[in-house]
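User: Hi! I am new to reading protein structures and would like to work through one with you. Could we take it step by step?

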Amino acid sequence: MNRVARSKKSRFWEQLVQQRQLLVLSVPFIILVFIFNYVPIWGWILAFKNYNPGLGFFKSPWVGLDNFKEVFTDSNFYRALKNTLAISSIKLVFNFTSAIVLAVLLNEVKNIIFKRTVQTISYLPYFVSWVVAANIVFMSLSPEDGIVNHLLVFLGILKEPIPFMGMKEYFYWVVALSSVWKTVGYSAIIYLAAMTGIDPEIYESADIDGAGRLRKIFAITIPSIMPTIKILLVLNIGWIMNAGFEQVYLLGNASVQEVSNTLEVYVYNYALKYFRYSFGTAIGIFNSIVAFVLITVSNFVSKKVDGEGVL
Amino acid sequence: MRVKTKGLSRITAEDVIFDTVNYIILIFLCVATLYPFLNTLAISLNDATDAIRGNIYLWPREFSWRNYEMILTENTNIGNALFISAARAVAGAGTSVLACLMIAYTLSRKNFVLRKFFIKFLVLTMYFSGGMIPVYLLMRSLGLINNFLVYILPGMVGAYNVMIMRSYIEGIPESLVEAAKIDGASEYRILFTIIMPISMPVIATIILFVAVGQWNSWFDTMLYTSSRQELSTLQFELQKLLSSTQTMTSSSADAADAMGLLDKGIVTPNSLRAAMTIIATVPILFSYPFLQKYFVQGLTLGGVKG
């Protein structure tokens, strides 16, 4: 047994030497990944210390779980957690349904040129930065000259313009709808791809039975893409701790702080404005671990649903 | 469509109503997507002082190139930021695609002894992150703060891109590689003279995606290089202008002033913002036909199997 193990081991080294060219091609980059993705985990030690920039990483005193205790008794933390979950849930519902609806609608368009044009236009915002998108959101919702207020007043829905971006009660909706604006075209692709797999004969026999358009959508199209829907839903739920830092940070402003402070924004503020590195790291660890567990579980579940794993 | 040839489908009232509603919704979506860009373009091409009066929609009222001249010809911070943005897009995409190609090739070799381990090692990075602060402190101890390399090194090996490339390379017939091996070709030679030319479509895809990502990013500038003005990027300058204009008009004037623009001519923060938004969007538009051609592949080709 021992000998077998040993010969296996020596065979491994033998092969490794043989494959040294492959090592030259891969190891430098693996080291790079190790440094930038794995070494930061070691920095989690900070959360168990009271980091003092003057003393440095190693000499800062240990404080055990004090930082975590402070996090879990901080009411701002719970508000940030609530905001994170609320924003990502609303975004999930809006993005998810809008993408499916768009895919179904596009699938019903018979004119290929029109379909292509709509698709081409609808992906565009996906590729611009959130800075550009946030600019557009601020501009469109501006009470002075924004198109949304112009339209709502023109249609008689509003008596006078509303400063949407400065009002807490609208923030979640602004985030959700701007997210739909930016991603709906792109997210619809995957459902459209799933729809191309539907056998046209199914539609034909439905025609013979005299089924109408809506009937066909609900009886054929949607059930056919149901596996894709389920898997993406599960995967997206896995990302629920991630409310999208860039978007929330850019759309947030002083007057809506109470609802725009997500966990990531909270970490950013504590660390880089108040230099409370240890406290910020403790929140970061909480976020990373919960997110990791959720993502791993959702991936596991989606593999069960899918049989072999999605994507 | 095939149904029609069978003569079975009649156009019913439901069809007419459905199609009409459908076209209206889709046209509305297109208008809602495009209007803000066209409106921004019109404002950016309008005389800045005139634009204050508002009510500019799709066409400039008093046409002027002044806003763009300000950004592109005068020696301003924005001109430099534009250069840095372009530099990081080119350098980032070039190095990243090379890195991804090299590692993806090794991971596509079925007999490579470390293959499984390296794949797991990479895929795992997609599921967790060390968090903002540990990463920041790491960058600091590596001397990457206020250093151009902070734009390039951390994201050079994207696990997702490596997996996309790997599954593409795995689709290349093994016989090509074996024939070269019999001729005594080294792995490097096989990679650069056989695999690379065949993989051009996926290489182009990754280059575009990384370049767009680099062009669009601003947060790393804010986090790591904001205290060195000459490393600032266009997106970050735009973000600064945005965050100052939305808080108060007077402070936005200060911000634009600080950029050395207001004293040089008649430009307002809003017009400047519009012009910068357009400059930030144009490269995306130019690469759009290519992006569109390839990203559907990328999306469906995800191929991230452990």
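User: Happy to start with chain B. What percentage of the residues in chain B is buried?

Analyst: Good place to begin, and please keep in mind that this is a predicted model. A residue counts as buried if 20 or more other C-beta atoms lie within 10 Å of its own. Chain B has 306 residues, and the buried share of them is 41%.

User: How many helices and strands does chain B have?

Analyst: The secondary structure of chain B includes 0 strands. Its helices come to 15.

User: Which residues of helix H8 of chain B are buried?

Analyst: Helix H8 of chain B covers residues 159–170 and reaches 16 Å from its first C-alpha to its last, close to the expected 16 Å. This helix is mostly covered, with 9 of its 12 residues buried. The buried ones are B:Ala159, B:Asn161, B:Val162, B:Met163, B:Ile164, B:Met165, B:Arg166, B:Tyr168 and B:Ile169.

User: Why does B:Thr95 count as partly exposed?

Analyst: B:Thr95 lies in helix H5 of chain B, residues 77–108. A residue is buried with 20 or more C-beta neighbours within 10 Å and exposed with 12 or fewer. B:Thr95 counts as partly exposed because its number of C-beta neighbours inside 10 Å is 16.

User: Which residues is B:Thr95 in contact with, leaving aside its neighbours within four places in sequence?

Analyst: Contact here needs C-beta atoms within 7 Å. With neighbours within four places in sequence left aside, the contacts of B:Thr95 are B:Ile152 and B:Met156.

User: Now the two chains together. Which helix of chain B gives the most to the side that touches chain A?

Analyst: The contact takes 75 residues from chain A and 76 residues from chain B. By class, the chain B side has 46 nonpolar, 23 polar and 7 charged residues. The helix that gives the most to that side, with 15 residues, is H2 (residues 13–44) of chain B.

User: Last one, in chain A: at what angle do helices H5 and H11 pack?

Analyst: Two packed helices are described by the angle and the distance between their axes. The contact of H5(A) with H11(A) uses residues including A:Phe96 and A:Ile100 of H5(A), and A:Ile229 and A:Leu233 of H11(A). Those in the contact divide into 7 nonpolar, 3 polar and no charged residues. The crossing is right-handed, the axes of H5(A) and H11(A) are 11 Å apart, and the angle is about 145°.

How values were computed. Residues are numbered from 1 along each chain as its sequence is written. Chains are lettered from A and ligands numbered from 1 in the order in which they are written. This is a predicted model: local features need pLDDT of at least 70, side-chain atom pairs count only at pLDDT 80 or more; totals for chains, interfaces and linings use all residues. Two residues are in contact if their C-beta atoms, placed from the backbone, lie within 7 Å. Helices (H or I, at least four residues) and strands (E, at least two) are DSSP runs, numbered from the N terminus. Ala, Val, Leu, Ile, Met, Phe, Trp, Tyr, Cys and Pro count as nonpolar, Asp, Glu, Lys and Arg as charged, and the others, Gly among them, as polar. The expected span of a helix is 1.5 Å times one less than its number of residues. Axes are lines fitted to C-alpha atoms, for helices over the stretch in contact, and angles run from 0 to 180 degrees between N-to-C directions. A crossing is left-handed if the near helix is turned anticlockwise from the far one by less than a right angle, and right-handed if clockwise.
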